[in-house]
Amino acid sequence: MPSCGYLSKTGHGRSLRSTRSSSSLPDIQEVGDHSPVRVLRHSLKLESESTPAALGWGNAVQEHIVNAYLAYKAGRSFVFGNFTWNDDGSLYSDYEGTGKMIPSQIPYSVLLHGPIVGDRFPPGIHAPLAVTKDYFDHLCPTKRDLLREDIHANLSSPNSVAEITEKWVSVLQSIEEPCVQSAKSSGPIYSHHDVWGVRTSLLDVWPDLRRSPFITHFEWSPLVEYAFDINRDLFLPADTDQPHLSGRPFTTNHDRYTEIPGLMVIHVRRGDYETHCRTLAMWSEDFVSVNAFPEMMDQFTVPPHEQWGNNTVENIEIYRKRCLPTIEEITRKVEEVRATPAAQGVRRLYIMTNGRPEYIRELKDALMAAGHWEMITSSRDLVLTLEQRYISQAVDLLVAQRAQILLGNGFSTLTSNAVMMRLANGFRTDSTRFW
């Protein structure tokens, strides 16, 4: 399971209380061309040890971003662990009993780059750097635990990310201890029940979150970018003048991950979603995260229900169409979206999917028969090294983030992470659609 904590610092441009230095912690100084000397004194570990493992990568990344944001607002150093599927000490785990072996843990730095994994902040931002959990544990043999239930007890809006963040910031800025973490017995600070599955939860924090360095300077790792470059013929026309990402100096998320003209990406989730979509119906779930923002197209309305954990046949079918569309429904929706002004000039189609090869072949044939495409490719066509195979979802997300048109799954956090970056980078809202 992922793990994080905080080290705090004073004097980095935000209104923070004065903190006293601690002789128990060595000062960490960084001197760079664009940064003053930084003295890192306090840390904060936010993601609870009780955060369940085996959550999808999309869930983990969205939590990673807001936890880093909270630490930043509190003036403490964000402490992060690994993306963890299984924390039993094994190197590899059987993925959901399918026989497919995947790494039990993957360092976030294999997937991400930038301040969110400890790189320096952009010029003008004087904040403590993020550190790994191993370093946090080495530096902080004694930590103060904070209970999520105590801090959230008196929230007036428990579904407001802004209020949750402000409450934690207030508590953290009143604490003198250098090493602080959410208690092992606590759940995640930003849970699916209170935040990610509630359509209004991110609205109040989004204007500030999108301006934070964890969004403006969000960057994919060199491993992910190199995989994109190797496979760029699947996404870009042969005569493109767009430079390779590998080796280019990073400026900003907005400048680096520009639109790929002529490309439509569709997110076709299969595998676990063949049962998951029915579960969503049973619990009357809504679209997740930014997918539910009011300005987005293809809004979903949760149908009326009488009993949690159960639903009508009619309602289950409503969820099925929006979550697990048939090949015929996919083809019809693709052609509908392709006919819109936002999709003018779209000629290439990339299918972001975990579907089986035989299913993808059938889907490709149906899509090609319905429309004139220069090329239709999928996740299964990526040429990847052994290391890149295990982070292929990040390659898909990079492509989806940049596509002229994204047709995604509103119930998927993988889709919502791409949507978040599209919104932050100023992509037109009608270029993002949902089943």
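Predicted model: local features only at pLDDT ≥ 70, side-chain atom pairs only at ≥ 80, totals over all residues.
Two disulfides are counted in the structure. A disulfide is a covalent bond between the sulfur atoms of two cysteines.

Cys140 is located in the loop between helix H3 (133-139) and strand S12 (144-146), and Cys179 belongs to strand S13 (residues 179-182), so the bond ties together parts that are 39 residues apart in sequence. The torsion about the S-S bond of this pair is about -65°, and the disulfide is therefore left-handed. Cys140 has a relative accessibility of 1% and counts as buried. Cys179 is also buried, at 4% relative accessible area, because the cut-off for this class is under 20%.

The other disulfide joins Cys277 to Cys323, with an S to S distance of 1.9 Å. Here Cys277 lies in helix H11 (residues 273-282) and Cys323 in helix H12 (residues 313-323), so the link connects parts that are 46 residues apart in sequence. The link of Cys277 and Cys323 is left-handed, with -70° about the S-S bond. Both Cys277 and Cys323 are buried.

On the surface, a nonpolar patch is made up of Leu91, Tyr92 and Met101, which together have about 350 Å² of accessible area. Of these residues, Tyr92 is found in strand S7 (residues 92-94). The relative accessibility of Tyr92 is 44%, so Tyr92 counts as partly exposed, a class that lies between the limits of 20% and 50%.

Conventions:
Residues numbered from 1 in each chain as written. Heavy atoms only, no water. Patch = residues over 30% accessible without salt bridge, like charges linked within 9 Å, V, L, I, M, F, W, Y side chains within 5 Å. Areas by Shrake-Rupley, 256 points an atom, 1.4 Å probe, with all protein chains shown as cover. Salt bridge = Lys/Arg side-chain N within 4 Å of Asp/Glu carboxyl O. Helix = DSSP H or I, 4+ residues; strand = E, 2+ residues; numbered from the N terminus. Buried < 20%, exposed > 50% of the residue type's maximum accessible area, 1.4 Å probe, protein only. Disulfide = S-S within 2.5 Å.
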